[in-house]
Amino acid sequence: MSFLIRFSIALRLVLLLSFSAFMGTAPVLAQTPAPVMLANTYHPGIDLSAYWVSEKYDGIRAYWDGTRLLTRGGEIIHAPAWFVARWPRVPLDGELWAGRGGFSEAVSTARTQVPDEAAWRRLRFMAFDLPAHGSTFDQRLPALRRTVEAIGSTWVQAVPQERIASHALLRKRLQEIGRGGGEGLMLHRGDSFYKAGRNDDLLKLKLHDDAEARVIGYLPGKGRHQGRLGALLVETEHGLRFRLGTGFTDAQREAPPAIGTWVTYRHRGFNDSGIPRFASFLRVRPDVARPDAGRPDMPPAADEVKSRTGL
């Protein structure tokens, strides 16, 4: 990648960060990431009778620590005072949701430092757990419902949970959710205690396989993409590196996600080395911590990327 191209991309990143700060949309970080429970991917063979099933809401993960609303990555969400009025002094785990297909609206609303009152009135907080309750999920559910009832706000709702008798019925339920524009299902083990981190007590089942990775570099475009992004070089939480070269709009190729940003990609399973097959960019994950995104790092040159990754 030539110096001018590298400089142009880096300059766009700096201007984007500066514009975000000017417009009041730059993230404000809390001390640490929120201690949230994370889902593994559903796999056949689990004891389905042990799990509660609910819709997977396509919004922004939001963790109420008793005084502040935080993203999964620890960014402070500047909700209006009326939105969190009467919320308890104990943690709540949930999703800021703008309805099916409303992911972008939820993101833009939650990331604005000066709350847009009208936009916030279109959001709901879908509460699905009481992290500090100290009991099993079976026992936390009725306590969660009582907590939501005590808040008494129409925009705060306890996520409906149900039992499903078989894996065939689970797949049928997934298809119903998909036809209605939903993203997928969540399975939560009833006898599990809340613990931060990723584990099989919480599982996700989606119509399309996806995962997350962190942007660590850029590869130059060729042909019609000459002079702009060709592919992102990304790294998973397990340290695997690969390229994302499809799924981008022209605007995203002109102003690609910043170094350090976490992105979601779709894929069709994994090869023997663990690299996802047919990986395609889906979107940026603004609710995940971005430790490097505030630095206007120069993107690595193509030969440097190849030497580090073998790509």
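Set aside the neighbours within four places in sequence, and A106 is in contact with G59, I60, L96, A98 and L123. Contact here means heavy atoms within 4.5 Å. A106 sits in helix α2. Helices (DSSP runs of H or I, at least four residues) and strands (E, at least two) are numbered from the N terminus. The C-alpha atoms of A106 and W120 are separated by 8.6 Å, with the two residues 14 apart along the chain. A106 counts as buried because its relative accessibility is 0%. Buried means under 20% relative accessible area, exposed over 50%, and partly exposed in between, with a 1.4 Å probe and protein chains only.

A word on the source. This is a predicted model, in which local features need pLDDT of at least 70 and side-chain atom pairs count only at pLDDT 80 or more, while totals for chains, interfaces and linings use all residues. Residues are numbered from 1 along each chain as its sequence is written, and side-chain values use heavy atoms, leaving out hydrogens and water.

Now widen the view to the helix. Helix α2 spans residues 103-110. Its buried residues are F103, A106, V107, T109 and A110. Their cover includes the strands β3 (60-64), β5 (76-77), β6 (92-97) and β15 (280-284), along with helix α3 (117-120).

Next comes the nonpolar core. The term stands for a set of buried Ala, Val, Leu, Ile, Met, Phe, Trp, Tyr and Cys residues joined through side-chain atoms within 4.5 Å. The largest has 26 residues. L69, F83, W87, L92, L96 and F125 have the most contacts inside it. β3, β6, α2, β7 and α4 each give two or more residues to this core. A second, separate core holds 16 residues, including L232, F242, L244 and F248. In soluble globular proteins, nonpolar side chains tend to be buried together.

Not counting residues up to four places away in sequence, F125 touches A62, L69, F83, W87, L92, D93, G94, E95, L96, W155, V156 and Q157.

A loop residue can be buried too: T136 lies between β7 (124-129) and α4 (137-151), and its relative accessible area is 14%. Beyond its neighbours within four places in sequence, T136 is in contact with G190, D191, S192 and F193.

Finally, the whole protein. It has seven helices and 15 strands. Buried residues make up 52% of its 311 residues. Among contacts between residues at least 6 apart in sequence, 73% join residues at least 24 apart.
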